There are 2 protein chains.
Amino acid sequence: MGIAERKEREKREMRERILEAAMRLFVEHGFEKTSIRKIADAIEYSPATIYLYFKDKSEVFFELHRMAFGRFRETMGQSLHVADPMERMRFIGRVYIDFALQNPEQYDLMFIMRAPMESKTETDGWEVGHKAFEMLETTVKECLDQGLIQGEDYRFVSYALWGSVHGLVALAVRDRLKMYDEEDPREHIFAAFDEVMSMLTLN
Amino acid sequence: MGIAERKEREKREMRERILEAAMRLFVEHGFEKTSIRKIADAIEYSPATIYLYFKDKSEVFFELHRMAFGRFRETMGQSLHVADPMERMRFIGRVYIDFALQNPEQYDLMFIMRAPMESKTETDGWEVGHKAFEMLETTVKECLDQGLIQGEDYRFVSYALWGSVHGLVALAVRDRLKMYDEEDPREHIFAAFDEVMSMLTLN
DNA sequence: TTGCATTAATGAACAGTGTTCAGTATAATT
DNA sequence: AATTATACTGAACACTGTTCATTAATGCAA
């Protein structure tokens, strides 16, 4: 009975094709301009077909959200190979910033955009983010325990650290750095991050 | 010839009414759900009328953007009364966070949202933001010069500081704090900010 | 192989969006 | 009173997300 399996596979492939087209359009033209009809056009199916595979537009972008988190985890996972906690913390920050600047649309989708969150609040996509954050917390805790950095509560230090990096990146991604006219935000972000790190470092 | 003046006044008042309705709807229901037609309904005019006073929807929200920055300046201006630079820096942060949490939609509009920026890039609305940022820079420079805080370049320290506060706030405003389930983000943000401040402080 | 049931895909429609424009009604000027 | 200028609007266009009855294709049992 290979038929049921074939059908299942075809269903998966169709989902895949929709997501591929959606991601391509989304990265190319942004969220606003990526309509169901355009996705349908791209895969040469009727708009209604997409609703056989996804509940609504939110679910499509939620899936992209999940996939983006997948790549995010892969990227952030590299930091586990760095033994020294202090160096690891620095590494995490740099990789985070790099990921965000290299994939601004996906970062936007994950940490800034509003739309895809509304439908599903409980999400395994977020679990990945949670894991990444725990990785940071663990690292910060190690640094604190070994007396390498300043700070009281590792949770708040982690949060502050995440917040600062997200803030730097989010302002750049959403084009809110008009005061540094024309300059490449990349350098500023890294410079500011270094400043944060040196602030954090004891002596 | 009071007629021309009356007409001009009426034009201003109409603009005002549109903006008022737009702001009310926007704060109440968010950007997505605030349509030109609903604004028109609220002021009991036809949708087409709005286009006699504003080029397009972007311009309406750009104007709100500008107004929000006005209130922002007023709020931030309070910090000028704080003489001690260290205390002033702390004050700026607290007021900033407070403004953002008290007016999340307006903060969103100013520093996160995408839509209103696309039409006009050159903006006097942003000049206010610029001024506020310079206020922070000045304060940071004072603190650095007096040897009160850590750091090298005052510009990057300011940027890092702004970034960190924006990051903390933006994550809250856009609902990205799922790891702290159900807890009030307000306390976390202030706790994290305190951590940032104590990190920054020398000894 | 034929007939039936299941599944997949669609066209058309609904209610909504931003925006434009010809036309109307009102007010101001001559 | 006739003419010009201004303010406003209804209707339309091209979109949007979404639903649903209808059609086309497929799988299965007789």
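**Reading a two-chain model**

User: In chain A, the loop between α2 (36–42) and α3 (47–53) contains E44(A). Near what value is phi of E44(A)?

Analyst: Please note that this is a predicted model. As a general idea, most residues other than glycine have a negative phi. In this structure, phi of E44(A) is near 60°, a positive value in a residue other than glycine.

User: Where is D175(A) found, and near what value is its phi?

Analyst: D175(A) belongs to the loop of chain A between α9 (154–173) and α10 (185–200). Its phi is near 65°, which is positive although the residue is not glycine. D175(A) has 12 other C-beta atoms within 10 Å and is therefore exposed.

User: At what angle do helix α1 and helix α4 of chain B pack?

Analyst: In general, two packed helices are described by the angle between their axes and the distance between the axes. Here, helix α1 (residues 2–29) and helix α4 (residues 57–77) of chain B pack at about 80°, and their axes are 10 Å apart. The angle makes α1(B) roughly perpendicular to α4(B).

User: Which residues make this contact?

Analyst: From α1(B) come I18(B), L19(B), A22(B), M23(B) and F26(B), while α4(B) provides V60(B), E63(B) and L64(B). By class, the contact of α1(B) with α4(B) has 7 nonpolar residues, 1 charged residue and no polar ones.

User: What rotation superposes chain B on chain A?

Analyst: The general idea is that two copies of a chain are related by a rotation about an axis and a shift along it. In this case a rotation of 180°, with 0.0 Å of shift along its axis, places chain B on chain A with an RMSD of 0.1 Å. The two copies are thus related as by a two-fold rotation axis. Both copies use the same surface, since 100% of the contact residues of chain B recur in chain A.

User: How many residues does the contact take from each chain, and which elements of chain B give two or more residues?

Analyst: Chain B contributes 34 residues and chain A contributes 35 residues. On the side of chain B that touches chain A, the elements giving two or more residues are α6 (104–112), α8 (124–145), α9 (154–173) and α10 (185–200). The largest share of that side, 12 residues, comes from α9(B). Sorted by class, the side of chain B that touches chain A holds 19 nonpolar, 8 polar and 7 charged residues.

How values were computed:
Residues numbered from 1 in each chain as written. Chains lettered and ligands numbered in written order. Predicted model: local features only at pLDDT ≥ 70, side-chain atom pairs only at ≥ 80, totals over all residues. Least-squares fit on C-alpha atoms with pLDDT ≥ 70 in both. Contact = placed C-beta atoms within 7 Å. Helix = DSSP H or I, 4+ residues; strand = E, 2+ residues; numbered from the N terminus. Nonpolar A, V, L, I, M, F, W, Y, C, P; charged D, E, K, R; others polar. Buried ≥ 20, exposed ≤ 12 C-beta atoms within 10 Å, placed from the backbone. Axes fitted to C-alpha atoms, helices over the stretch in contact; angles between N-to-C directions. Parallel < 35°, antiparallel > 145°, perpendicular 65-115°, else oblique.
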